[in-house]
Amino acid sequence: MRFHMQNSLIGTSVIRRLNLKAIFPLLGLVFVVLFFGFGTKGLVFSKLSLQSMLNEAVYIFIGAIGYAFVLAQGNFDLSVGSVMGVACMTAAMATKINPYLALPVGIITGSIIGLINAFVIVKAGVMAFITTLAMSFMCTGLILIISNGAVVGAPLFMLKWYTVPLKLGVILTFGIAGFFAFERSYYGKISKAIGSSIEAVRQSGTNIVLFRILPFIILGTIAGLLGFISLIRTGTASSSTGSTLMLNVLNAALLGGIPFSGGTTSKFRSVIIGTLTITIMSTGMTILGTSTVNQQLIKGLVFLVTIALSFDRKNLKVIK
Amino acid sequence: MPVESLLLKAHKINKSFGITRALKDADLELEYGQIHGLIGENGSGKSTLASIIAVIQPADSGEIFLDGQPYKPVDSLEAQRQGICMILQEKGTFDNLSVSRNIFIGKENFFSFGGMINIPRMNAAAQKILEKIHAGHIKAAWPITALSFEDRKLVEVARAMYAEPKVLIADETTTALSRNGREILYRIMRDMKKEGHSVIFISHDLDELINVCDSLTILRDGEYVKTFEKKEFVTSVIRHLMVGREVAGNYYRTDMDSCKNPETVFSMEHVYSQKLRDITFDLRKGEILGLGGLAECGMHEIGNIAFGLIPPDLGIVKAGDDKVVINPVKATSLGIAYLSKNRDTESLMTSANIVDNICLASYKKIQKNLFIWNKDEREFAKAWGKKLEIKMTNIHQYVIELSGGNKQKVALAKWLGFGADVLIMDYPTRGIDIGVKVNIYQLMTELKNQGKSIILISEELPEIIGMSDRIIILKDGRIKGEFSREEKVTECKLVDYMI
């Protein structure tokens, strides 16, 4: 009897905690909507700012989808922004040969770097933290070497490719594919299970090496695609391309409620909620006249607070 | 007996680990100059009680008196200063240090001068202790790794004896010792007794306790049962009280015939590894093969190798005719499943819900055209959860909230759902209450009747004897004996082969 009582007591407290965690991201979104809605007197939802939000959201959303798979396994990738930068640069160089090479070159660059990350982390057993940090330094160097420190431009007609239907198409395609891959596929199920207990997955007869390698490649490929999108949006590639991506994407995934330690409680809806939150926040701050530099500061602070509130530090293996 | 005339008295000690109550108002009275045995089944709370007395972990409630005075040290070091030392059941030596540094671990200051440790002086002091405990064949300057496991245990004894304890607690120390090593420990215990000091001696070997101890306290399910004086020792009575039921227990298999099917479904041929030496056996269709021995005999490693978790150094692991098991992916594709003895860390995702856990090995079966639908997952989990009668509020309950027995049922449901033909069960009833144990035994019988084969690895002999068609006993990584069910071997006989 006593066993039962204690059992159910623990049960309810765990469930309560989980429910709170599930509702927390939504509250955050509601807060951001209300705060910036009133703060900008509704300007944040005007047509003009919705367009600017869409521009922002393309990057954050598909970046966060890629990131979600990495996070679900309890891993992370600090190189995503600089990979996007390199991909943008190689894509820009490729346009000098043929503008239509930009997309494949950008994507291939991203996936190759993702593959290298994956190989070093999974096969050589170097911590993701170290590997991707080192990779981001290398990518920054690589950008400077390729471009010789200069800003590289793409042919102007390519800017016409960047249309609203394209943006919406990309968001929709990745949204649907991401949802099914994350929530309804073997790959998604196993990825989340790896975050919960890698040993249990291994001992269920699953080839974990393959599953651990894939998310880094997917994220690299997505960063490559983002590099291309950035190129056709701005028409240029420079050493600062992609520098804000990392923070935005990680913020979106975590604010949306994907646990830093990953696991089966990770949900795809977190990516949507998080993207909306961060996008509205960025645009709202811009309208309110916050400079980009200060925005970085505030987002960094939000990131820290999210981690502090949501993460069970006892289980963190990376930051020792 | 009044507290004043007792060396140590532990009164109404309680301790819980999460929802498991390890000790319930447990008592222990220790007289001056007494060798006091502590006995009980696995999970009866012996080690917990002992480690609370040595302040290796705190009690939830209860009081302890030493020499009639309240005894409340803050940690085990202070307990040692007050005269209570414990030799732990687990390995307690540090591989990178010398024998003497292992003995004086944490006490190096005794030999330091200006920040430097005077090694020769430390070695000399350590050698003196080793001589005193009749283990002079161990040299203090040697690295610990140069010693056999038995001698390493003696180094731990030396470490405990250095403090000249009033109470020495030896937790399953003799399991790691040969006859010679045991004699050394017995002699130490007799020496202590002469000086009016006492020993709390924990062992699962009843015959040994009866020979060595002056009195015996029985614990069962964390509760104090009874204390016997030497003249009252009767093996059958003690065993009966220990188990709290008829020892011959009728919840095992009732048939007494071994499996006669000649078809081999799994085999190991001349397998060597770090712990194993020339292991060869086969498993037949519809057979339950029991592997028994001491915890460190290598039987758990056989389970790992059989599932491909560790590659053997030499030898072949085969399923069926010629299909070689090289890793868990291959093993499962050949219909082999493995239930780890480390339930919470290796067979389950405790932070995930029941559905995710049960489906984990079977997604390929559940998926339809590359999609896994929630409804199919739920139905799969429900069906197997029901089959195993898992006590849960619903299938979305988190596994961490379940009791040990129900967790094990979830792990079993995963493999039954997967549909394994060969099931390797490593200590499946570890830390599980009797109700679920019975369920698991019934399930094993059912699987056997369906023509599935089981390798049962267990540290509990009654369960191996009760369930197996054939028993293999291991010692130090080698097969020491094989017995068929018809032989009706006794526990005592198997123990002879184990030690």
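Start by colouring by pLDDT, the predictor's confidence in each residue, from 0 to 100. Chain B averages 87, with 96% of its residues at 70 or more. This is a predicted model, where local features need pLDDT of at least 70, side-chain atom pairs count only at pLDDT 80 or more, and totals for chains, interfaces and linings use all residues. Residues are numbered from 1 along each chain as its sequence is written, while chains are lettered from A and ligands numbered from 1 in the order in which they are written.

Select 235-243 of chain B: that's helix α8(B), whose mean pLDDT of 78 is the lowest among the chain's elements, and strand β20(B), residues 453-457, has the highest at 96. (Helices, H or I with at least four residues, and strands, E with at least two, are DSSP runs numbered from the N terminus.) For the complex, the predictor reports an ipTM of 0.85 and a pTM of 0.72.

**The helix pair.** Next, pick 149-162 and 179-194 of chain B, which are α5(B) and α6(B); their axes come within 11 Å and cross at roughly 10°. Axes are lines fitted to C-alpha atoms, for helices over the stretch in contact, and angles run from 0 to 180 degrees between N-to-C directions. Show side chains for the contact: on α5(B) the residues include B:Leu154 and B:Val157, and on α6(B) they include B:Ile184 and B:Ile188. Contact means C-beta atoms, placed from the backbone, within 7 Å.

**The sheet.** Now find the open, six-stranded sheet of chain B, ordered β18-β19-β20-β15-β21-β22 with mixed pairing. Strands pair if DSSP finds at least two bridges between them. The edges are β18(B) (336-339) and β22(B) (478-484), each pairing on one side only. Zoom in on β18(B) and β19(B) (422-426): they run parallel, joined by four bridges, and B:Leu339 sits opposite B:Met425. Helix α15(B), 404-418, lies across both strands, at about 180° to β18(B).

**The partner.** Finally, bring in chain A: 31 residues of chain B are in contact with 26 of chain A. Which element gives the largest share of chain B's side? It's α10(B), with four residues. Select α10(B) at 328-333, then α11(B) at 343-347 and α13(B) at 363-366, the elements giving two or more residues to that side.

Definitions and conventions:
Two residues are in contact if their C-beta atoms, placed from the backbone, lie within 7 Å.
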